Amino acid sequence: MRRRLFSLLAVVLAFGAIASACGSDDSSNEVKAAFIYVGPPGDAGWTWAHDQGRVAAAEATGVETAFVESVPEGTADFANHARDFIDQGFNVIVGTSFGYMDDMLALAEEYPDVVFEHVSGYKNNDTNFGNSFGRMYEPRYLSGMVAGAMTESNLLGYVAAFPIPEVIRGINAFTLGAQATNPDVLVEVVWTSTWFDPAVEGDSAQALLDKGADVIAMHQDSTAAGEKAEAAGARWVSYNSDMSAFAPTAFLTAPVWNWGPRYIDTITQAQEGTYTGGSYWGSMADGIVDLAPIASDVPGDVVAEVADAKQAIIDGELHVFAGPITAQDGSVMVAAGETMDDGSMLGMGAFVEGVIGSTG
Amino acid sequence: MTRLVLVRREQVLKGGQPLAFLIGLVFAMLIGVVLLLISGHDPLAIYGRMVEASLGSPRAWSITLNRAVPLGLAGLAVAVAGSMGLWNIGAEGQILAGAMMAAWVARLGEGWASPLLITAMLVAAVVGGALLASGPAVARAQIGVNEIITTLMLNEVALRLLQWLIHGSWKDPESRGFPLAPMLPDEARLPGLFERAHWGAVIALGVIALFGLVASRTAWGYELRVAGSSGATARYAGISLKRKITTVLILSGGIAGLAGGIELSGNADRITEGISAGYGFAGIIVAALALLRPSGVAAVALLFGAVQVGGLSIQTMGVSSSVSTILQAFILFGAIGAGVFSRYAVRRVNNDKTSSES
């Protein structure tokens, strides 16, 4: 554990050194993109995925990029960093956490010539402030299919962050996917009220393992749940990135982010002057979300079934929230023959049948 | 066998505190140079940027001042308790409690005139912080429950309460299911002073000066210092220790609560879990650096604020937050460590049988 902390620190230091090697001369029309992260790129999860996107965008477009890490939400820090960057000539600001939303809206009005791209919020304008996110429920569904096929106890554990629509949507999609390969499966949810707290997330996973869950899925940024699953001889569906290195035996697969394409688009549009803000909710077809490679011991027919479902989702033939879907309380969530619209999905507040736990 | 020990000086070195402070600062910055060179940065450019971003322009000053306000008030809160030998480790939670009460008043006082609403919010913030501190205060005064433990644990309680409100009854119906409190109305925002600075700096300085005066010029302040240095003397002099402990801890909580109210009204768009960026814990360092003297709190808070703002700003030059945090810690440790040497001397002692601890 400690050794890993040190190696993470080394990675962080290395990134800092690389970023500092960049010059700071600017000419009038040049695009420079600054990324403001909520965690460290060394977290192997959420921020790591965004930083991979930044690197990909820098390589593809050739623009100068820079980042700051571990910027807390709800304080004056975000706006101070953004102003610092703008003073240095950066004209694309990417903020990768929900809590930056209000600051970005205000800054977008103050600096109409700067492009502000916000990840995971819901506010935007039609000139220089856009928000983007991915339909993570698509690969979540696929990961549920794998988990459902691999469980022997028919109880899947889900260590979840906060009862917000994004997380609830993920749990529901995972559950529907699991039911697609195993009609008897149940998914039990534990809330941690954390995004990154390895101790709490590990304990919560352990509680689910103790209850008999033999596959643990998660929606936070640490790898703690996987380590508990590995120790217990159970299986693990990680999140954000392919975390197989952290629990090689337990790891089954993971719904993952791929931000490169989106950031390339944002920067290219800024260069061409065609950025128009608005809302982007990218799908597996766009490549912004995907399923990590499936563990080699998963039976071939399951892998094939998942691959078929993936293709069907990409082709638009399979929709995760297509009816009939029954809610946890027995009411009709989606009627047969209907498909949930984006607005309802973005505001999802109730579990589907088969989930144990409450959204309160 | 000989070993080195710290021995309290008979007299604090003349002019020692500011001098030691400077020496410590320079020493720490030299270590920082090594750190920056190792991590591949130009130390001169980095230090230049730190100074530039924190003190180099009116805007830089305004950002530093805004940062110094919660640090100063949290530092004062800890120092007030510390002057009686009590440790309030719960300033972080009291800041949240203050912010929660202020946010609550902002909800109730919709449509009130701005000066009235802001005053009510700040008063409520004081009450909020004081309320959270009142439990530990009474428990400590009446039955001797260790206030370090109780105040520390209440930090978690305050945070969970805030989460519960944001995820529950305070959730903005327009936030599409996201756990967000509604935006504060414009009437609830503290007016600006200059650039990005708000009136919180004036309020904080006023409170710190007021407490400095009360502590040094009134009988109450005198009794406080007596009670702080020796409980037995205080009892002999007829000072009620129980009452002193209760008032001081509640006062301490109220001051921290005020910081929460000012943060909400001055810096935030709405109340969030991130309303305090660890100011309550940083306040402990501020108070320690200021040797628990209110007079020192303002100066230390300003320096602390400048170091934090400078440290944050060099991150946009590619310095990682870890290196920046280590650098900030060095500078503050350097200043604290040097402060120790102005009050203690290093002595070599023979350590045969009469070994003396502490």
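Me: Is A:D297 buried, partly exposed or exposed?
Reply: A:D297 counts as partly exposed, at 46% relative accessibility. The cut-offs are under 20% relative accessible area for buried, over 50% for exposed and partly exposed in between, with a 1.4 Å probe and protein chains only.

Me: Before I go on, what sort of model is this?
Reply: This is a predicted model, where local features need pLDDT of at least 70 and side-chain atom pairs count only at pLDDT 80 or more, while totals for chains, interfaces and linings use all residues. Residues are numbered from 1 along each chain as its sequence is written, chains are lettered from A and ligands numbered from 1 in the order in which they are written, and side-chain values use heavy atoms, leaving out hydrogens and water.

Me: OK, back to A:D297. What does it form a salt bridge with?
Reply: A:D297 forms one with A:R235, and their closest N and O atoms are 2.8 Å apart. A salt bridge here is a side-chain nitrogen of Lys or Arg within 4 Å of a carboxyl oxygen of Asp or Glu.

Me: Where do those two sit in the chain?
Reply: A:D297 lies in the loop between β13 (289-291) and α10 (300-314) of chain A, and A:R235 is in strand β9 of chain A, so the pair ties together parts that are 62 residues apart in sequence. Helices (H or I, at least four residues) and strands (E, at least two) are DSSP runs, numbered from the N terminus.

Me: How many salt bridges are there over all chains?
Reply: The count is 17. One of them joins A:R83 and A:E110, with the closest N and O atoms 2.6 Å apart. A:R83 lies in helix α3 (residues 77-87) and A:E110 in helix α4 (residues 101-110), both of chain A, so this pair ties together parts 27 residues apart in sequence. A:R83 is buried at 5% relative accessible area, whereas A:E110 is partly exposed at 41%.

**Between the chains**

Me: How many salt bridges are there between chain B and chain A?
Reply: Four. In one, the side chains of B:R49 and A:D84 meet at 3.0 Å, N to O. B:R49 is in helix α2 of chain B and A:D84 in helix α3 of chain A, so the pair joins two chains. B:R49 and A:D84 are both buried. Another salt bridge links B:R270 and A:D102, with the closest N and O atoms 2.6 Å apart.

Me: And how much area do chain B and chain A bury between them?
Reply: About 3000 Å², with 53% of it on carbon and sulfur atoms. That is the accessible area (1.4 Å probe) that two parts lose on being put together, summed over both. On the chain B side, B:R176, B:F178 and B:T316 lose the most area to chain A, together 21% of what that side buries.

Me: How many residues does each chain put in?
Reply: Chain B gives 37 residues to the contact and chain A gives 38. Contact means heavy atoms within 4.5 Å.

**Strands and a helix**

Me: New topic. What is the strand order in the open sheet of six strands?
Reply: In chain A, the order is β10-β9-β8-β6-β7-β16, with parallel pairing. The edge strands are β10 (251-253) and β16 (355-356), each pairing on one side only. Two strands pair if DSSP finds at least two bridges between them. β6 (residues 155-160) and β7 (residues 186-191) of chain A share six bridges, and A:V159 stands opposite A:V190 in β7(A).

Me: What about β5(A), how many of its residues are buried?
Reply: Six of the six residues in strand β5 (residues 129-134) are buried. A:F129, A:N131 and A:F133 point one way, with A:G130, A:S132 and A:G134 pointing the other way.

Me: Last one: which residues of helix α8 of chain A are buried?
Reply: In α8 (residues 224-232), they are A:A224, A:A225, A:G226 and A:A229. Their cover includes α7 (198-210), β8 (215-219) and β9 (235-237) of chain A. After α8(A) comes A:G233, with a positive phi near 75°.
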